[in-house]
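Q: I have a new model open here and would like to go through it with you. Could we start with some side chains and then zoom out?

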Amino acid sequence: MGDGVPEQDRPYVAALGELIVESRTGGRTQLGGVEAAILLRLLFMQGQMVSSESIRGMLPRGGNSSAVHTHVSKVKKLLKKHGVAIPRSASGGYRLPKDLLRLDVHEFPAQVAELGDPANAVEVARLLAKWRGDPLQVHPLIDTRHWNLTLKARGQLMTGVSELFRRGVEVEGWVAFADRFGDDPKVKAADALHPGRRAASRRRLLIVEDDRQICQSLQTLFGDCDTTVVNELKEYHRLMGGNPPRFHGALVDRHLTDRNDDHHGYAALLDLKNRGIPRILITAYFPGGNVQENYRNLTERFGLSDICTKERPGVGGFDTAAVREAVDRMLGMG
């Protein structure tokens, strides 16, 4: 495969979110972690060599030559499935000949530039759908400069979205896109013009709690929010491991099984902390000892906005006014 191969027959790499490789021969394959970073580095270098030392620098704790070979072999195996080979240079590096694969990051700026004036709502929706996640967060091993042109083009796309909204034209997929990237000032400015006037104060709240009765009570209490409920740690990981909504905050119970000694909520809190999602711990009681010290230790460990205790240990229920105030503070609504 190389020059002369029709563009539509070249494998397509989607990197505006979790990295996915698609082709007619190999189907659809997802790649993550170091392997995704290696493939992106090769693609961004556009035919130039990537040294083994450069790849080694992306490995945990530096890795070694054997680890570099292992990770590159995994990438080679994937690309071979899609009909592409990575040649190794005599100087100990790797290169991916230019134009063997298509990359959404490279194509997006030109596609935005080709939009008419006014932009076509169907084309705008198609471009919005390419963004399945924030590449700066999903691909932290890649230098941010590689995303600059694409992010600039996304800002230009927001100009087209704003103009459509001023004319009262809806854009399919906008709500999901705005929920995911609503902190971007240009996205926020476009969203303010949405014909449906989406309630800017409406927030998306994640509830991680195994007691279904308490979940129902919390959903009723926060009826002005879009709530998502999960009852166990595995369910949480399934939700967050896919393409999750952009949550504005989370309420997390300490124990997520009937044993009440599992501390599974701590794992969810650490993951939420890494994702930068504000969080509140809900618990029936503090661990034994100094209550103030325990409160301070838990707050610092998990970066909590607050800790809310259940009103009746062993029975359930909340001081609803207190938990409402805590969540409003967390979400910036009060």
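Q: Is Glu-163 buried, partly exposed or exposed?
A: This is a predicted model, and in it Glu-163 is partly exposed, with a relative accessible area of 33%.

Q: Which side chain does Glu-163 meet in a salt bridge?
A: The partner of Glu-163 is Arg-166, with an N to O distance of 3.6 Å. Arg-166 counts as exposed, at 55% relative accessibility.

Q: How far apart are Glu-163 and Arg-166 in helix α7?
A: They are 3 residues apart in α7, so about one helical turn separates them. Side chains of opposite charge can pair when their charged atoms come close.

Q: How many salt bridges does a search of the whole structure find?
A: The search finds 9 salt bridges. One of them joins the side chains of Glu-22 and Arg-28, at 3.5 Å from N to O. Glu-22 is partly exposed, with a relative accessible area of 33%, whereas Arg-28 counts as exposed at 57%.

Q: Switching to the strands, in what order do the 4 strands of the open sheet come?
A: The order is β3-β2-β1-β6, and the pairing is mixed. The edges are taken by β3 and β6 (102-103), each of which has a single partner strand, so one side of each is left without a neighbour in the sheet.

Q: How do β1 and β2 run, parallel or antiparallel?
A: They run antiparallel, and 3 bridges join β1, residues 12-14, to β2. Within that pair, Val-13 has Val-21 of β2 as its bridge partner.

Q: Now the largest pocket: what volume does it have?
A: The volume of the largest pocket is about 1,100 Å³. Its lining is made of 43 residues, of which Gly-133, Asp-134, Gln-137, Val-138 and Arg-275 are the closest to the centre.

Q: And how do the lining residues divide into nonpolar, polar and charged?
A: The lining of the largest pocket divides into 18 nonpolar, 14 polar and 11 charged residues.

Q: Which element gives the most to that lining?
A: Helix α1 gives the most, with 4 residues. The elements that each supply at least two residues of the lining include the strands β2 (19-23) and β3 (27-31), together with helices such as α6 (135-138), α7 (148-166) and α12 (264-275).

Q: Zooming out, how many helices and strands does the chain have?
A: The chain has 14 helices and 11 strands. Taken along the principal axes, its C-alpha atoms fill a box of roughly 70 × 55 × 30 Å.

Q: What percentage of the chain do buried residues make up?
A: Buried residues make up 46% of the 334 residues in the chain.

Methods:
Residues numbered from 1 in each chain as written. Predicted model: local features only at pLDDT ≥ 70, side-chain atom pairs only at ≥ 80, totals over all residues. Heavy atoms only, no water. 1 Å grid on protein atoms, 1.4 Å probe; cavity = no way out; pocket = protein on both sides within 12 Å on 5 of 7 lines; lining within 4 Å. Points joined across faces, edges and corners; volume = space filled by probe spheres on them. Nonpolar A, V, L, I, M, F, W, Y, C, P; charged D, E, K, R; others polar. Salt bridge = Lys/Arg side-chain N within 4 Å of Asp/Glu carboxyl O. Buried < 20%, exposed > 50% of the residue type's maximum accessible area, 1.4 Å probe, protein only. Pairing = 2+ DSSP bridges.
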